[in-house]
Amino acid sequence: MTFFTNIAKIMAKYWQTFLLQGIGYTLLLSVIAVAGGAFFGSLLALAKRSKLRILKALVNALVEVVRGTPVLLQLYIGVFVFPMLIPRLSSLPYIYSVSIVLVINSSAYVSEIIRSGIEAVDIGQMEAARSLGLTQRTAMLSIVLPQAVKNILPALGNEFITVVKETSLASTFFVGELMTAYLKVKGNTYLTMECLAIVGVLYFALTFILSKLLKAMERRMKARA
Amino acid sequence: MKNINKFLCIVLALAMILALSACGSKSDAKLSAAYDKYLAEIKANGATGANGTLTVAISPDFAPMDFYDVAKNGDDAIVGFDVLLANYLAQELDMTLVLKPMSFDACMAAVQTGNADIAISGFSWTFERSQNFAISDYYIAGDNETEQSVICLKENEGKFTKAEDFVGYKIGYQGASLQQVLVEETFGGMDVDISQAYVDLGTAVEALKAKQIDFLAVAHGNGDSIIANASDAIAFTGFDFEVAEIYKNNVCLINKDNTELLDLVNAALNKALVEEIYSGWYDACKVYAGISTLDELGFDDEGNKIKD
């Protein structure tokens, strides 16, 4: 029972740290990573389909490196090495470097999702469109992509949920998200499991709501098709 | 969609209950009285920041040396003995202070890569650190370093007072800390299980509560913090380590190439040591962290030190 009274005590004193700051920054970082990831991920996916060999090779290398190394390591590089390349970053709070890393990371994964979504559309669709006289561009935009989106959306939803949880690694640099809230309160109280239980429930609530929203979106797309 | 609405309603309702319950809790303004006074005194020195910025890497998850006051915002929210010291150094060096909070490991990486000028976060001197950093002269943070103790579950309180008493038991510590060095030096040749290091103190405390380890080596000040929050589940064993002179104090880590800053910091630290500038700081931080009260440590209600 002390466990729950401890949780009540912690929440009475630190609720703002968890509910306002923690959730606020987690949502902020997730939205930045997801929006940036979707935008740059689409660009990367396009670059992968480009006819320029060099561009293709570069993008592939980037995606492989990003997917093949831990996010925590990427965050360290973002925070300590990026400022050497971009001096402006060194005078800004760490959340800027952290956001850039999360966007790059998310872009790499999203680009793969989009590529596989496009490739999953039967090649015959493109061939039929082309033989009916549509340009490559129109065929892509109005025949292939609309079908690809339906393949892409569920995987993209998974990626978004992963991103919400990945933002927790940014707590190494105390940027303020939920896991930072955990570190702050645990540092004051030394009540580790209680604080972890609180952030666990909050993370679950966030991802649960997100997955329900995504499911609803999927259903609506199915109804329309 | 109906389900989602219901769920959102529950979440919002919970949030409101919590918000309301929080309104009822008392403010902790009193706790910071002595600390705020010291900070104001330091800042009254009147430095203009003419010599640029002093970027300090700090790991604020270590009450009472470095922790957060969640009622404050921005840099002001990071408090503790090391923050007072950082402010004092910035004043002495006539620099503008920038605090960069990050994990203990990242503090060292920040200094090595030049992202921070100096790491001030309750560091002790160790041989490995002296190889990789320029280490400042020492400073004394109350009994945080001079007393190194072992804590245990309440039922063993006071029963283990000699090193031999620990034979056959398992003792944990924070990895890469002074406590690891002490545990290895003290119990290394004996039949004591010292195989388990923990990434941070909080995790180690959980392991102690879950009886995965029998004992945990801690700095005395951290032990006070842990016990004050453990609702009577944890206590001191009564055993204190014999601490060699070189480990008794804290130091700052500076990049090996930055000898200029090292000299300036050392001059300021020596002045503070000789003039006993930080004598009341640690007590003020102990009150702030809720380990002790103003009255117990000889402060009046406004935070003036009236007796030692």
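These legends walk through several close-up views of a predicted model.

**View 1. Chain A is built from helices.** Welcome to chain A, which has nine helices and zero strands. The C-alpha trace of chain A spans about 70 × 45 × 25 Å along its principal axes. Of the 225 residues in chain A, 37% are buried. If we take the contacts in chain A between residues at least 6 apart in sequence, 73% of them join residues at least 24 apart.

**View 2. Chain A and chain B meet.** Here we turn to the place where the two chains touch. Chain A brings 31 residues to the contact, and chain B brings 35 residues. On the side of chain B that touches chain A, at least two residues come from each of α1 (2–24), β2 (67–68), α4 (104–112), α7 (201–209) and α8 (220–229) of chain B. Which of these elements gives the most to that side of chain B? It is α1(B), with eight residues. By kind, the residues on the side of chain B that touches chain A divide into 23 nonpolar, ten polar and two charged.

**View 3. Five strands of chain B form an open sheet.** In chain B, five strands line up in the order β4-β1-β5-β12-β6, and their pairing is mixed. Strands β4 and β6 (134–135) of chain B are the edge strands, each pairing on one side only.

**View 4. Strand β1 of chain B sits between two partners.** The order of the sheet places β1 of chain B between β4 and β5. Strand β1 (residues 53–58) of chain B is largely enclosed by the rest of the structure, because five of its six residues are buried. With β4 (residues 96–101) of chain B, β1(B) pairs in the parallel sense over six bridges. Look for B:Leu54, whose bridge partner in β4(B) is B:Leu97, and for B:Val56, which has B:Leu99 as its bridge partner in β4(B). Strand β5 (residues 118–124) of chain B also runs parallel to β1(B), and two bridges join them. In β5(B), B:Ala119 stands opposite B:Ala57.

**View 5. A helix of chain B lies across the sheet strands.** Helix α9 (residues 259–274) of chain B lies across β5, β6 and β12 (250–254) of chain B. How does this helix run relative to β12(B)? Helix α9(B) runs at about 155° to that strand.

View 6. Is β7 (residues 148–153) of chain B largely enclosed or left open? Five of the six residues of β7(B) are buried, so the strand is largely enclosed by the rest of the structure. Four bridges join β7(B) to β10 (residues 215–219) of chain B, and the two run antiparallel. In this pairing, B:Ile151 has B:Leu216 of β10(B) as its bridge partner. Strand β11 (residues 234–240) of chain B is also antiparallel to β7(B) and is joined to it by four bridges. There, B:Ser149 finds its bridge partner in B:Asp240 of β11(B).

Terms used: Residues numbered from 1 in each chain as written. Chains lettered and ligands numbered in written order. Predicted model: local features only at pLDDT ≥ 70, side-chain atom pairs only at ≥ 80, totals over all residues. Buried ≥ 20, exposed ≤ 12 C-beta atoms within 10 Å, placed from the backbone. Pairing = 2+ DSSP bridges. Contact = placed C-beta atoms within 7 Å. Nonpolar A, V, L, I, M, F, W, Y, C, P; charged D, E, K, R; others polar. Axes fitted to C-alpha atoms, helices over the stretch in contact; angles between N-to-C directions.
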